[in-house]
Amino acid sequence: MQAWQVHENGEPSEVMRLAEVERPAPADGQVLLRVRAANINFPDALLCRGEYQVRPPLPFTPGVEICGETEDGRRVIANPALPYGGFAEYAVADARALLPAPGTLDDAEAAALHIGYQTGWFGLHRRARLEAGETLLVHAAAGGVGSAAVQLGKAAGATVIGVVGGADKAAVAHELGCDVVVDRRSQDVIAAVKEATGGRGADVVYDPVGGAAYAQSAKVVAFEGRIVVVGFASGSVPSPALNHALVKNYSILGLHWGLYNTKNPKLILHCHEQLTELAARGAIKPLVSERVPLGQAAAAVQRVADGLTTGRVAVLMENGAAA
């Protein structure tokens, strides 16, 4: 079969190599899946660079989110078990963690319904307890993680402010349903958010960026607001001033979605049921901006790493999985 492999750490376009390899053999409790579509996530770039919290042994195949097919023909969503990731014709996954792929979504959309949307659901509902009528601010609103949060916020009845970088991404954020869009490249984010909220600020801030975005979040969060820290796509991990949180009376909430797989896996299934229902009635639909063949995966991962994409980029198998 064909699979992309990383033999040394570095930039995805430089270290990912397409090769003919043996199909992976599932271990106890695992299943072999024929990959139908693999969604590209920022952690795939971090894996290539050796900067992710999990460091699989070299060589490994990146790709942490797929829509696949079991040997008995079931269409499922899965997180492949590294080192046998999803940028290949076959992958392996934990049999207990397979989720049914919604029939209302195609393979690329189904692959994209997992990590970003689960993270959004847990962040907004489990951690921040977002309520209808509240104001939600989403950083990187046109990206894969941000676009999911925008849709989930709208589905929950919130007013959504999206922060983006550039006119093209601003157009995408409007299409996603943002009530207000702030272009950080041409606008003062803090002033724009305060103007949009009548000076009150945002009840919930969803931050997958860190760095300067977090500093803005602390200045625009409302009284009794909640900042959900999801990740650090900027590459800069902020150091919150706890005295500021005290005097302004807001909460800083961390979210590591992967912990629920071990701490409370039943919630993962419950979340998936909620997401499937939302997808069935059209309240959410993953934004897949690009669908590329397996041979273009390395270049696509690099574009995601460089922040040049909107929504999700999916890698599709062209002619099924070869032997």
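**Close-up 1. Helix α7 passes helix α8 in a right-handed crossing.** Right-handed here means that the near helix is turned clockwise from the far one by less than a right angle. This is a predicted model, where local features need pLDDT of at least 70, side-chain atom pairs count only at pLDDT 80 or more, and totals for chains, interfaces and linings use all residues. Residues are numbered from 1 along each chain as its sequence is written, and side-chain values use heavy atoms, with hydrogens and water left out. The axes of α7 (residues 189-196) and α8 (residues 212-220) sit 10 Å apart at an angle of about 35°; axes are lines fitted to C-alpha atoms over the stretch in contact, with angles from 0 to 180 degrees between N-to-C directions. Helices (H or I, at least four residues) and strands (E, at least two) are DSSP runs, numbered from the N terminus. On the α7 side, Val189, Ile190, Val193 and Lys194 meet Gln216, Lys219 and Val220 of α8, with contact meaning heavy atoms within 4.5 Å.

**Close-up 2. Helix α4 is largely enclosed by the rest of the structure, because 10 of its 13 residues (115-127) are buried.** Buried means under 20% relative accessible area, exposed over 50%, and partly exposed in between (1.4 Å probe, protein chains only). Among the buried ones are Ile115, Tyr117 and Leu124. Just after α4 comes arginine 129, with a positive phi of about 55°.

**Close-up 3. Trp121, Phe122 and Tyr260 make up one aromatic cluster.** Tryptophan 121 and phenylalanine 122 pair edge-to-face, at 5.2 Å centre to centre and 80° between the planes. Rings of Phe, Tyr and Trp (its six-membered ring) pair if their centres lie within 6.5 Å; planes under 30 degrees apart are stacked, over 60 edge-to-face, the rest tilted. Both tryptophan 121 and phenylalanine 122 are buried.

**Close-up 4. Cysteine 271 is buried, at 0% relative accessible area.** Its closest cysteine sulfur, in cysteine 67, is 17 Å away, too far for a bond. The disulfide count comes to 0, taking a disulfide as a pair of cysteine sulfur atoms within 2.5 Å.
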